[in-house]
Each structure stands twice: as C-alpha cells, then as structure tokens.
Amino acid sequence: MVLLEFKNSISDPSGILSSWKTDALNFCSWDGVTCNSDSRVVELKIAGGNGGNVFDDSCLKYSEFMLDGYGNEINCSGMNGKLVGELPYVIGKLTMLRVLSLPFNELSGELPSEMWGLKNIEVLDLEGNLITGNLSGNFDSFRKLRVLNLSFNRIGGEIPNSLSKCSDLQVLNLARNKIEGRIPGSFGGFVKLKVLHLSFNLLRGSVPDELLKNCGSLEHMDIAGNYLNGSIPRSFGKCGQLRTLLLSSNTFEGVIPSELGDLKKLEVLDVSQNSLRGNIPTLLGNCSSLSVIVLSGNFGQKAVGIPDALFKEYNMFEGSIPEQVTSLPQLKIFWAPDANLKGRFPSNWGHCDNLEMVNLAQNLFTGKIYGVFEGCKNLHFLNLSSNSISGGLDEKLQVPCMTVFDISSNLLSGLIPSFHNITCTSLFSSSSGLLESSSPSFAYVSSFTCKTLSEIPLPFSSVGFPVIHDFSHNYFSGSVPMLPVIRGSLGKGVEYAFIAAGNNLTGSLHENLFGNCNKFFRMLINVSNNRLSGPLPSGIGVTCRPLKVLDVSKNQISGVIPHSIGYLHSLVKLDLSWNKLQGQVSVDLSRMKNLKYLSLAGNELNGSIPSTFSQLTALQCLELSSNSFSGEIPVGLANLHNLAVLLLENNKLAGSIPTKLSNITSLNSCYISLDNLSKQFLLGSKKMSCSNFLGSLFLPVSRLALPPGEDTHDSVAYPVTSGSKSSNKGFSSIELASIISVSAIVFILLCLVVLFYYIRRKTPNTRAHVSESSERKEVVAFKDIGVPLTYESIVEATGNFNGVHCIGYGGFGATYKAEIAPGTIVAVKRLTLERYQGIPQFDAEESSREKEFFTSGLWETAPQNHLLEVLKLAVACTAEVKTTRPAMRQVVHILRRSRPPSG
C-alpha cells in the first residue's frame, strides 16, 4: 500500500502517523488523509510544528516573517512533531492526488521526479522544509495547479519557463529560497494570480513590464530582499485589487510612482532600503485603505547572510510628508527614519484614531509638535529623535500609554509635563490573537511591535515588557516630573526606562520620582548632565528596589551617599560621578552583588576606600578618581577577577600599590597616583574610563571621568612619569571628530592619488567614457583589464552587491570582490558618501577653494612637494598616540598653506 510505503520511507519520531496502521481497515480515516467516493486518496495534509530549521514554533508565523506567504491559509492546530527524511518518491503513485500539503516538517532532498506525474495536483505546499535542488521538473503536467508554496526551503536555480503553463495559478510562493535569474515576464499570463511572493531570493534585473499586464486579480505582491534594480514600474497602478506591495531591500532607483495613488484597496506599502529619491507623492493620499507606509529602515526584513553593516538605508527623499498622506483615515504605521525628510513637521494627522506607530527619527524636521498628536488615543510608539523640533510638549500627549516615546536630541524646551488625567487601554493584553486577523496591516503592526520591543536597548537581558521614555538632550527646564507611566495600562512585568539626561533640569530628586518604582519589574533612570541639586533620597534603596541603572552624574547633588542604596540588590550600574557628594562611602554599597559599573569620581568623598568592595565580584569598572580618599589601596581589590577598568588617581592615597593587581587578567586600564606623586601606575598605553570600556548606556560614548564644563580636558592619554599633572587641554569633541574625519579623507585621497599616478604611467590616456544611455551604464575604468566594465556587469558579478562577495567595509562603504570574466577579478567599492560620512565635516572646515584643490588641483597638477606635505599631514593625523596629532586648526592651516594652483 502506497501510504504505508510513504510512512516506512521517512522518520516519524513524534508519532504523527501513529494512526497509520497495517491492521486498520479504512485508510481513508487516517490522520491527514482524505479520499474521494471511490476510496482514492485525493488529499494528504500533514503539517509539522514545535520547532524546526527556521521556526521556533514552525506552524506559527514568526513576527519577522509575518507577511511571507501571506494569503495561504494553513491549519496547524494540534500538530506536535515533524516528519524527517527525504521526500518519498512513492508520492508519485498517488495519481488522483489533488492536495499535497506537508509544511513545516524536515523533509529534505530534491523534489522526486515521480512527483511531476501528478496530473491532478491542485495544491502543492511544502513550505518550511529542507528541500534542495532546482525547479528543473516539467510543470507541463501541472495544468490544474492553483497553489504552489515552496517557501522557506533551500531551492536554487532559475524559475523554469514551464511554470507559465500553469495558467490557473492563484498563489505562487517561492520566498526565502535561493532562486536566481530574473522574474519571468511570462508570469503576466497568470490572469488569476492573487498572491505572488518571491521575497529574499537572489533575483536580479528589473521588474518586467509584462508581469503587470494582467494584474487585475493580484492582491499580495512581495518581491523584497532581492537584487532587483531599475525604477518601480508605474504600471503597478493598474493592479486595482492590490492590498500589499512589498518592494523593500532591493536597489530600486528613481521616485515612488504617483500612479500608486490609483490603488484604492492598498493597505501596506513598503519601499524601504532601496535607492529612491524625490518627493513623497501627494497622490498616495488617494489610497483610502492605506494603513502601513514604510519608506525607510524596515529592520524586520533582513536577508540571511548579509552583514549588519551592509544592511543600510539608501533612500534619500526630498521635502516633507504631504498632508494628504499623514491624514489618511486608516493610517496605523508611518515608518520613515533616516529618510532625509525635511521642512516643518507635519501638523495634520487627521483624526488619527487608528494611528499606532510613528517613526520619523534622524530626519531634518523643524517646527513644533505641541498639540499634533493630542487626539491619537491608540498611539503607542512615537520616535522623533534627532531632528530639530522646537517648542514645548503638550500635557495631553498620550506618553503614559506609549511603550516607546523618544524625542531625544531635538531643540525642545519648557517643562516636562506630568501628563496627568491620561487614561489608557491595555496594550497587547493577549498575544494569542496577533496572528489571527485576516488583515495584512494587522500583521505588519504585530510584526513591528514585536520587533521594536525586542530591540529596545536595555542594558540588561529583557524578560519582561520593555517601555522607554526618552526626553534626553533637549533644553527642558524645571524639576524632574513624576514618572509618566500608568502601570496598569501596560500589563505586568514592565521594564521601564526614564531618560532625561542632557537638559537644564533643576531642583532635587524628590522621593516621588522613585515612589512608584516597586510597581515595576525592572527600572532604569538616567538624569545625568543637568543642574539637579540637593541630596539623594534617603529611602531610595527601599522605595525603588527594582532599579537596575541609576545615573545622576554631572549634576550638583550634595550630601552623603544614603546607606539604603546598598539595598538595591538588582543594580547593575551606579553613576554618581561629578557631583558634590561628601563624607565617607558606606560599606553598605558592598551589598550590591550584581553591580558591574560603579563611578563615584569627581566628588568630595573622603576616608578610606572600603575594603568590602572586594565583595563586588561582578564589578567590571570602578572609578573613584578626583576625590579625597586617603589611606592605602585595599589589597582585596585584586579579588575582583572581572575588573576591566580601575581608576584611583587624584586622591590622597598613600602606601604602596598592591602587586596582586597585576594578576587581574581582565584588567584593561588601571591608573593610580599616590599622594606624593612619587609613584604612578598606568596599565596599557592609554587611560580608559568606564564609559570608554562599556559605552554609555542609551547615550553616545562620553568621557565619564570629566567634570562638567571641562569637556576639553584630555582624558585619553596620561603620562606615566612622576611629576605634576599635565595641563594640556587637548581637543574638544568637535575638534577630535573633525580630525578623525579629515584624516580619513586625506588618507583615502592619498591612496587614490598613488593609484592614479601609478596606473597613469602604465596606461596613459586610456580612460573609458561614461555612457550617457540610461539602459547601459558604463563605468569609468581602464581598458587594459581586458573586458568591458559596465554597471550591469558589476551588479551581476557581485550578486547586486551581495554580502557574500563583500571583502571589507569602511566608513565610506563596502568593498566587493567581482569576477567580471573568468580569471578577471576586480575590487569594487560601493561608496555611501550620501549618508553624510565624512563629507559634512570636510565641508565645515574647508572652503570651496580648498576642496577644489583636493578634487582637481592636487589630483591632476599638484607638484611633488605639495603631495609630500599632505602625505606627512596624513601620517601625523593617524599617529597612534592621539596627543601627538595636530589640532584641527593646524590641519586647516597646513592645507591652506598648500595653495591650489592658479588658473
């Protein structure tokens, strides 16, 4: 019997086929088997589940793959286990089979040749297996095929022409394989096609015009994550039934076609991570069903095997967002971070009853947001960070109801509102319904929500429900407000982060700031770099035990360190540096067994260093510098085997330096000076602060060991000889960034100069011309490589700049290995200058005359002595010891001294 042959040909470790027994009289009643009136098997449906090669819960869609294969209805309820082994050839003996559905198992090998004889097959679903090989079979026999789902396998090769014979095809899903070649134009003959998913393969070329000639039935199209180029076809506007259009992670150029405004039923549009330009079409406002718009930064759709550094956003739009788009009545998600959008921040978001997520971070918006989102009762994600938004905040803004509220690095001022009288509905009280909706926009909201919550950068492993409210790096004044959270609206297990660093906040840290702490599962508070004064709350260790991170550095906090801080047993980071704390350090601090980062630098603390610090076995960074500690260094510090940074300088320590400190193998930086300055100890070639080692949590890396107002102090390198402290002021952060940027530019230009003169001597006057044809983009190259070098040949040789061909990555882009022809290998750098890496710094320091000197004068006609002087400058700017590098003003002076040639 064929079914028993099938069972005996594979492994069934979980007993999915336990009902398939030889003594069973009616095989048509076996699990997964359906027969017709003649007792002939017509359906074989066995879905796997519970883990696998792609899914942790295979039968359910991962949030990351929420729309891959959308449109296929698969019932996996009750399945627990997998079929393992090669797909049995005996399948071909079930000649009356209409439905073969074996998704989410671990079936491997190639599709058996016998299967191609199933002339009655209508549904072939092998999603989520380990199928390999090519689609080399003949689809001529599959004339009745309606659904072909081979997604999430390892199938390669090109799409065969014979597939076009399946004229009744309604669902074609080949996503997440290794399919190569181009999208066949013959797919335009599928007049009944509703679902086309070809995402995350190796497809290249442009979208053929023929594909969209008969797209009247097409509802879902996903071709994201390939190497498709050219422009987005305007003929998409003819696909009147289209509900989802996913084009992300390709290299499409040009503009978003205004013809997309004709798609009245369009719900999801994702064009992120391409190379698009121009304005956002106003006519998109005609898409009355549009609920998800993703223009940039779709972090949830990443091709397997591509390095993070290469997975970048290249869309550079112009202008602002049309009011007709932001006021769409069904809009739920508008996602466009780092998209070069500019102008006044959009003030009209319609009634915004459905609006849930807005991400416009890292753009160039100005204007105000006061009152803009007042009526958006369902808004739970708002990220407007790194713009130039000014004005104040509206107290009616639904901040307490938001899981992510980030307005950091803007120009906002006034008071941080208390956000009283806000009522919230519980967010995502049940995750069981995330995948049950038939709406593709709901699937996208669920996907983005899960992804954003999982990627919130908490400084500890998140096992609860993370919530972050970030007001940092603005001009807010007044006192620190009550925590803007209504705990009941966010469910249980909240891990909350309140960040207001880098403002002008004054007053003291009242008990009410920490009053609700114990209602959270975990908590982070960062109010550093403000003007806070007064003592630390005496009962902080009792009222806020879930605290994991407390950073109040660079304020004017006075008084003593409360004894109750020692009861913060969950604390990972405690930064009280550069305040006005006095008195001795309590031994109670040694109770914090999970503490990894402790900085008390820059205060007025005295007495001896507690010997009980040796009990802080998890400690990685200890900064006690610039206080008045006296006595000897505790020998027990040598027992801190995880310690990487130890800074004790600028105190009144005496005695000798414990020799056992050298036994701490993890120690990267140690700087100690004794009272008479006769002995100093520096481990390594430079001093490293805790912030250098760990990186500032939630903030750019800062120099933790610097007091407020002394940002020009050199904290990078310290002398190791005895004597007075260096008075060298060094460079400011702006100067240091400028030096690094100019150094990088100079170094790259020098490399280009050397390469140019070397090749020019070998092959004079052999430059190829750049083709002006839009169809054939010829690259400036040297003809002696033996083969024509065009843009198309480079794209093809690198797999459209596939990460597999990447051999390096720098600040100006990735370098790829390209075999243009057999035996002819070249290196190609894909520049990313438009992403503001280096050029703005250069523009800020150099006039157009100096830039002309670099780009034309130095390149073509510069005398040798000028080249040598610039070479010396480049060497000096990249010296290993930073204190020996020239200042930015010295660099500019030298460059101007090398005057550009006249004429």
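Keep in mind that the model you have open is predicted.

**Stop 1: the disulfides**

How many disulfides does a search of the whole structure find? The search finds three. A disulfide is a covalent bond between the sulfur atoms of two cysteines.

Start by selecting Cys28 and Cys35, which are joined by a disulfide with an S to S distance of 2.1 Å. Look along the bond: the angle about S-S is -100°, and the link of Cys28 and Cys35 is left-handed. Now colour Cys35 on its own. Cys35 counts as buried because its relative accessible area is 18%, and buried means under 20%.

Next, select Cys215 and Cys239. Their sulfurs are 2.2 Å apart in a second disulfide, and this link is left-handed too, with -95° about the S-S bond. The pair links distant parts of the chain, 24 residues apart. To see this, show the strands on either side: Cys215 sits in the loop between β11 (204-205) and β12 (220-222), while Cys239 sits in the loop between β13 (227-228) and β14 (244-246). Are these two cysteines buried or exposed? Cys215 is buried, at 5% relative accessibility, and Cys239 is buried as well, at 0%.

For the remaining pair, go to Cys352 and Cys376, where a disulfide has an S to S distance of 2.2 Å. The torsion about this S-S bond is about -105°, so the disulfide of Cys352 and Cys376 is left-handed. Here, too, loops are being joined: Cys352 lies between β20 (342-344) and β21 (357-359), and Cys376 lies between β22 (364-366) and β23 (381-383), so the pair ties together parts 24 residues apart in sequence. Both Cys352 and Cys376 are buried.

**Stop 2**

Select Cys166 and then Cys287. Cys166 counts as buried because its relative accessibility is 0%, and Cys287 is buried at 0% as well.

**Stop 3: the nonpolar cores**

Now show the side chains of Trp349, Leu360, Phe373 and Phe471. These are the residues with the most contacts inside the largest nonpolar core, which has 178 residues. Helix α1 (residues 2-9) gives the largest share of this core, four residues.

Zoom in on Trp349 and show its surroundings. Leaving aside residues up to four places away in sequence, Trp349 touches Thr326, Ser327, Leu331, Phe334, Leu355, Val358, Leu360, Val372 and Phe373. Then move to a second, separate core of 17 residues, which you can find by selecting Trp335, Tyr444, Ile468 and Ala497, among its members.

**Stop 4: a sheet of three strands**

Finish with an open sheet in cartoon view. Its strands come in the order β3-β5-β7, and the pairing is parallel. Which strands are at the edges? They are β3 (84-86) and β7 (130-131), each pairing on one side only. Select β5 (residues 106-109) beside β7, and you will be looking at a parallel pair held over two bridges.

How values were computed. Residues numbered from 1 in each chain as written. Predicted model: local features only at pLDDT ≥ 70, side-chain atom pairs only at ≥ 80, totals over all residues. Heavy atoms only, no water. Disulfide = S-S within 2.5 Å. Buried < 20%, exposed > 50% of the residue type's maximum accessible area, 1.4 Å probe, protein only. Core = buried A, V, L, I, M, F, W, Y, C linked by side-chain atoms within 4.5 Å. Contact = heavy atoms within 4.5 Å. Pairing = 2+ DSSP bridges.
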